[in-house]
Amino acid sequence: MATINDIGVAAAINIVTAFAFLLAFAIFRIQPVNDRVYFPKWYLKGLRSSSIQTGGFGSKFINLDFRSYIRFLNWMPEALKMPEPELVDHAGLDSVVYLRIYLLGLKIFFPIACVAFTTMVPVNWTNKGLDRLRHSNISFSDIDKLSLSNIPNGSPRFWMHLCVAYAITFWTCFILKREYQNIALMRLQFLANDQRRPNQFTVLVRNIPTDPHESICELVEHFFKVNHPDHYLTFQAVHDATKLSELVLTRKQMQNLLDYNINKHMRNLNNRPVIKMGFLGCFGEEVDGIKFYTSAVEGLTREISEEKQRLRTGTKSIVPAAFVSFKSRWGAAVCAQTQQTRNPTEWLTEWAAEPRDIYYDNLALPYVDLKIRRLIVGVAYFFLTFFFMIPIAFVQSLANIEGIEKAFPFLKPLIEVKLLKSIIQGFLPGIALKIFLLFLPRILMQMSKFEGFVSTSSLERRAASRFYMFQFINVFLGSIVTGTAFQQLNSFLNQSANDIPKTIGVSIPMKATFFITYIMVDGWAGVAGEILRLKPLIIYHLKNSFLVRTEKDREEATDPGTIGFNTGEPQIQLYFLLGLVYATVSPILLPFILVFFGLAYVVYRHQVINVYNQKYESAGKFWPDVHRRVVTALIVSQLLLMGLLSTKHASKSTPLLLVLPLLTIGFHIHCKCRYQPAFVTYPLQEAMIKDTLERTREPNLNLKEFLRDAYAHPEFRVGENYDQEMGLEKARSDKSPDLVATKRGSWRNTSLPSKHSYTNSP
């Protein structure tokens, strides 16, 4: 069990590590050779070319201006200078809303920490409950005397914990409601002021039924002409362009090699570059590099043109999904938010995500397959969560050496060295848990892709939800259960079963020391390591030294990254959970959480301004998930406190806690009904206002041309005559005809021919 000395050793290690990371970043960021690593966003915007414009050869790699080293910490105030409206324009609403999660943590926990340290800490410390349990073989340290465990059973002092629990609940709900309201207004204002984008007019239609007499394209056009005659504009079919993507990627690689050989030849016109055709380019026949790669690029270009032509003229590559666009936002809102047919499993409509947000691989999955896939993933997720208890138990064994020594005395000489013991208990458990969680987000993201979500934003939200649940079950509950078992192992082996709940009630608050070590590793050193960007820095310089052949290669070698919602938000939610649970149980954890939220806010604000380049913009659509998880953490803290007080025989105060979960659930239902619709649906009133303003300002807007290729496959850029080549659009007047032509030989539920059929229909 970690003592105050162990916590001090861990704090010293992590503070020194974090300071070293921040110092290294402050020096690395001002070196010209690292400019693309630490300021990639400005390069992508075309607003930065070089950090040092003048100087000799050395200044191209090393900053020789020694005055800048004196101001090496000026990045901190600079990260806080940009006002929020300007930050929205610079980085998008998603990034700003993500940063507000850290501010939410500061708003909630700073007042709670002040109240806890002025009320509960003195109440806990001035008792002698743990001293009276020394004869019970219960392991504890001096730091545990600051927790609820130090109060003897049946003490009237538990009324203080009850009052603080009510204060925490009301304060947290107040801050959550105000933040939910503000972000909902920010989202609506952002959508109202946002420039015209294709997803504002477009609906994704999935599970299009097959028809023996009409192709998918003809069926889509006929359906929406009939059912949305005044608002339907055009549509974009979805193609299976897997082969085309492979060809485009190969041509890109060949083109880079061709550029490299041409540049090499230009530096020495007397020598033509040659390549060897054998293994890894080291053996075999020598050929002219420029001619070889020119021929390869030309051949791939012809193959790409042929593949595009096959996609344009064929129907087999078209999948039962389409992006349908409308003449107005109002028309798109009506279609996206209503059921289209009697059968709720056909013609499924939803708002289309941004073109850059679409995950095309999942668009063709049938409705039934989605259910089966999600069932499979649910089962796999259960076993993944269950078997992860094994490494969790291993981590907890490191954190509770005293309990193992009592149960297995023969191990005592190996782990009794004082400094080594402090490092093992104070630092190693946190870093071990961090390592075990390292590859989990990638696994969960692959699970989300297999489930069939059709946008990157929805994939990340789903992966974040599973990651949060995983951390709740394994990192939080698993650490408490297995840690308590190891911590009080000797006590469990030498007491009756009736006394076990009492022992658990005493030992659970003591697990705060383990979570403190984890917060310092992940929340202090981890956040400082994020701003250093050591991995992107190393990869960039390796690529720049060995793989970069052209200026285009150098641009692509820079990886700005994103805020990583699927990994970052669940980690933040774990701190919300720990803070709310231990605020009334062991308040000593709160200062460590406050340091995390403060440091993380400054660091990630800097990253959002200078580094991260978001792949999509969802206008803060993930905030309902954030709100729900904080509310869940609040309810868990109330239930856990209720259980702990029941084991402490606080029979008079415990029943009053039953009201808090009910009040919190009612608060969540109110917020869900009041604010969540702003994140799910688009108000028709807002759509009509924006449409009216746009028609007034741009009466001659050619919306069809604007939407023409917006949702074409990223590797499938069609020509100007795309509509005619694909046969997707017929010439039409502005006013839709009363009778819509169709090639369908019969209606779905009757054998009679359609009176609107073409005369030459089969």
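Which residue stands opposite Leu-348 in S6? In this predicted model, the residue is Arg-206. I shall begin with the sheet around that pair and then turn to a pair of helices.

Strand S1, residues 202-206, is joined to S6 by 4 bridges, and the two strands run antiparallel. Both belong to an open sheet of 4 strands, ordered S2-S5-S1-S6 and paired in antiparallel fashion. The edges are held by strand S2 (232-239) and strand S6 (348-351). Each of these has a single partner strand, so one side of each is left without a neighbour in the sheet. On average, and ignoring direction, neighbouring strands here are turned by 30° against each other. Helix H12, residues 329-336, packs on this sheet and touches S1, strand S5 (318-326) and S6. The direction of H12 makes about 130° with that of S6.

I now come to the helices. Two packed helices are described by the angle between their axes and the distance between the axes. For helix H25 (residues 565-582) and helix H27 (residues 623-647), the angle is about 30° and the axes lie 8 Å apart. Angles under 35 degrees count as roughly parallel, and H25 and H27 are therefore roughly parallel to each other. Their crossing is right-handed.

Which residues of H25 and H27 make the contact? From H25, they are Glu-569, Gln-573, Phe-576, Leu-577, Leu-580 and Val-581. H27 contributes Val-626, Arg-629, Val-630, Ala-633, Leu-634, Val-636, Ser-637 and Leu-640. Sorted by class, the contact of H25 with H27 has 10 nonpolar, 2 polar and 2 charged residues.

Conventions
Residues are numbered from 1 along each chain as its sequence is written. This is a predicted model: local features need pLDDT of at least 70, side-chain atom pairs count only at pLDDT 80 or more; totals for chains, interfaces and linings use all residues. Side-chain values use heavy atoms; hydrogens and water are left out. Axes are lines fitted to C-alpha atoms, for helices over the stretch in contact, and angles run from 0 to 180 degrees between N-to-C directions. Angles under 35 degrees count as roughly parallel, over 145 as roughly antiparallel, 65 to 115 as roughly perpendicular and the rest as oblique. A crossing is left-handed if the near helix is turned anticlockwise from the far one by less than a right angle, and right-handed if clockwise. Contact means heavy atoms within 4.5 Å. Ala, Val, Leu, Ile, Met, Phe, Trp, Tyr, Cys and Pro count as nonpolar, Asp, Glu, Lys and Arg as charged, and the others, Gly among them, as polar. Two strands pair if DSSP finds at least two bridges between them.
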